[in-house]
Amino acid sequence: MGEHMMDPDRRSQLRRLGGLLGAAASLSTLAAHNALAAPATEDESNSYDEDSILKAATDFFGSTTEGLARVIEKAFKEQGRPNAYVKGEEVSAALSIGLRYGEGRLQMKTGASAPVFWAGPSIGFDAGANASKVFTLVYHLPKASAIYQRFPGVDGSLYYVGGAGINYQRLKGITLAPIRLGVGMRAGASVGYVHYRREKSINPF
């Protein structure tokens, strides 16, 4: 039966029903979009607060600077609370572009801990070689072994202020944010990727 032969009340009911279904579909789409767009948050009991991270970084580097405090504050504003960090040392050599090798230890808020070795290309502001400390914030790491992957650098994420620098590496929802001070900043911007491994290797690939 065509719509022109329907009872006017029935046509009105169908229009109202169609409007309700359309509104419900729009709300469902919006909810799904928000769920995807909303940044993941860590349970406070399984993540570090800003004061704890600043103290750990200060103790590790042996001093604090305004720049260190500011890059940590920036990371918390952009990424939220990390649920792990890596304290380590690295050696790099560069003539504008070079290589970097490092090793350290991953510490998760849950108590899990594991050794970590890494290698990858670097970009520097001068020629030469240096050894430096690096303190890496780790976000949304489901388990310690999940760090053993090749993490691409995020283009344009390098932030440098007051002698401290930070940049982001990201893969499959996990974000790493290495922080360096002073001369270590020469190798502060990753080009391409950094490969994190269980064991030491001279192969940067």
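I began at Lys74, which is partly exposed with a relative accessible area of 22%, taking buried as under 20%, exposed as over 50% and partly exposed as in between, with a 1.4 Å probe and protein chains only. I note that this is a predicted model, in which local features need pLDDT of at least 70 and side-chain atom pairs count only at pLDDT 80 or more, while totals for chains, interfaces and linings use all residues. Residues are numbered from 1 along each chain as its sequence is written, and side-chain values use heavy atoms, with hydrogens and water left out.

I then looked up the partner of Lys74 and found that its side chain meets that of Glu78 in a salt bridge (2.7 Å, N to O), a term I use for a side-chain nitrogen of Lys or Arg within 4 Å of a carboxyl oxygen of Asp or Glu. Glu78 and Lys74 are separated by about one helical turn because they are 4 residues apart in helix α3, and Glu78 is partly exposed at 41%. Helices here are DSSP runs of H or I with at least four residues, and strands are runs of E with at least two, numbered from the N terminus.

In helix α3 (residues 66–79) I also found Lys77 and Glu73, again 4 residues apart, with their side chains joined by a salt bridge (3.5 Å, N to O). Lys77 is exposed at 67% relative accessibility, whereas Glu73 is partly exposed at 34%.

Next I turned to Arg100 and Glu90, whose side chains meet in a salt bridge (3.6 Å, N to O); both residues are buried. Salt bridges that share partners join Glu90, Arg100 and Arg180 into one network. My search of the whole structure finds 7 salt bridges.

I place His140 in the loop between β2 (113–139) and β3 (150–152), and Lys172 in the loop between β6 (169–171) and β7 (174–181). Lys172 is exposed, with a relative accessible area of 72%.

Finally, I checked the chain as a whole: the protein chain has 3 helices and 9 strands, and from the N terminus its elements run α-α-α-β-β-β-β-β-β-β-β-β. Of its 205 residues, 41% count as buried.
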